[in-house]
Amino acid sequence: MTVKEYNRSVEEYADSVYRFVRADLKDEERANDIVQDSYEKLWRHVAEIEYAVVKSWLFSTAYHVMIDIIRKEKRMTILDESHEKDLLFESQYSDLNEILHAALDRLPEQQRSAVLLRDYEGYSYKEIGEITGLSEAQVKINIYRGRLALKSYICKIETVI
């Protein structure tokens with residue numbers, strides 16, 4: 001890949017990678033850091049990577065960095081945090097966007113990432129498999145189960161009222 005192609009990849013894909021990471025982490029600063037780290041890794045491997053695969057390479061790299069951060073944070077969580085989440089879902093919501101994000105937050109990591117990549121970013125099952133390192137069948141299962149969980153949570157009358 002040339003420097004010109006690298007710069008073009010920044011212009012074309014940085015926003016999409018940022019939106020994907022931010023949707024999962026809900027933290028703008030960490031999302032910016034992950035995108036920056038992904039592009040730094042791309043720069044280190046710029047001679048080895050073809051421009052044709054740079055988009056999936058960036059999403060895959062950002063996904064793995066994000067998963068590493070989430071795993072690290074899970075090891076450092078406090079037990080009282082689970083009680084705080086229960087209290088948050090008892091409050092009433094009137095904004096559907098908030099309801100959707102609350103439902104997404106309840107999904108396991110793999111399901112949330114697969115649903116976001118498919119429904120928000122428009123990737124194919126095969127591309128999602130390449131990004132996440134899962135088989136196409138596993139991606140389909142994660143998306144199906146994630147959508148069922150979203151439907152189950154969103155359709156509860158207590159959530160919407």
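Trainee: In which helix is Ser9 found?
Mentor: In this predicted model, Ser9 is found in helix α1.

Trainee: What makes α2 oblique to α3?
Mentor: Helix α2, residues 28-44, and helix α3, residues 54-75, pack at an angle of about 130 degrees, with their axes 9 Å apart. Roughly perpendicular covers 65 to 115 degrees and roughly antiparallel begins over 145, so the angle makes α2 oblique to α3. The crossing of these two helices, α2 and α3, is right-handed.

Trainee: Which residues meet where α2 packs on α3?
Mentor: From α2 the contact includes Arg30, Ile34, Ser38, Tyr39 and Lys41, and from α3 it includes Val54, Trp57, Thr61, Met66 and Glu73. By class, the residues of this contact between α2 and α3 divide into 10 nonpolar, 2 polar and 4 charged.

Trainee: How do you know whether Thr61 is buried or exposed?
Mentor: Thr61, which is found in helix α3, has a relative accessible area of 12%, and since the cut-off for buried is under 20%, Thr61 is buried. Not counting residues up to four places away in sequence, Thr61 touches Ser38 and Lys41.

Trainee: How do you know that the length of α6 agrees with its number of residues?
Mentor: Helix α6, residues 109-120, has 12 residues, which at 1.5 Å a residue should span 16 Å, and its end C-alpha atoms are 15 Å apart, so the two agree. Just after α6, Gly122 takes a positive phi of about 80 degrees.

Trainee: Which elements do the buried residues of α6 pack against?
Mentor: The buried residues of α6, among them Glu109, Arg112, Ala114 and Leu117, pack against α1, α3, α5, α7 and α8.

Trainee: Why are α6 and α8 called roughly perpendicular?
Mentor: The two helices α6 and α8 pack at an angle of about 95 degrees, with their axes 8 Å apart, and because roughly perpendicular runs from 65 to 115 degrees, α6 and α8 are given that name. The contact involves residues including Gln111, Ala114 and Arg118 of α6 and Val139, Asn142 and Leu150 of α8. The residues of this contact of α6 with α8 divide into 5 nonpolar, 4 polar and 4 charged.

Trainee: How many helices and strands are there in the chain?
Mentor: There are 9 helices and 0 strands in the chain, and buried residues make up 37% of its 161 residues. Among contacts between residues at least 6 apart in sequence, 67% join residues at least 24 apart.

Conventions:
Residues are numbered from 1 along each chain as its sequence is written. This is a predicted model: local features need pLDDT of at least 70, side-chain atom pairs count only at pLDDT 80 or more; totals for chains, interfaces and linings use all residues. Side-chain values use heavy atoms; hydrogens and water are left out. Axes are lines fitted to C-alpha atoms, for helices over the stretch in contact, and angles run from 0 to 180 degrees between N-to-C directions. Helices (H or I, at least four residues) and strands (E, at least two) are DSSP runs, numbered from the N terminus. Angles under 35 degrees count as roughly parallel, over 145 as roughly antiparallel, 65 to 115 as roughly perpendicular and the rest as oblique. A crossing is left-handed if the near helix is turned anticlockwise from the far one by less than a right angle, and right-handed if clockwise. Contact means heavy atoms within 4.5 Å. Ala, Val, Leu, Ile, Met, Phe, Trp, Tyr, Cys and Pro count as nonpolar, Asp, Glu, Lys and Arg as charged, and the others, Gly among them, as polar. Buried means under 20% relative accessible area, exposed over 50%, partly exposed in between (1.4 Å probe, protein chains only). The expected span of a helix is 1.5 Å times one less than its number of residues.
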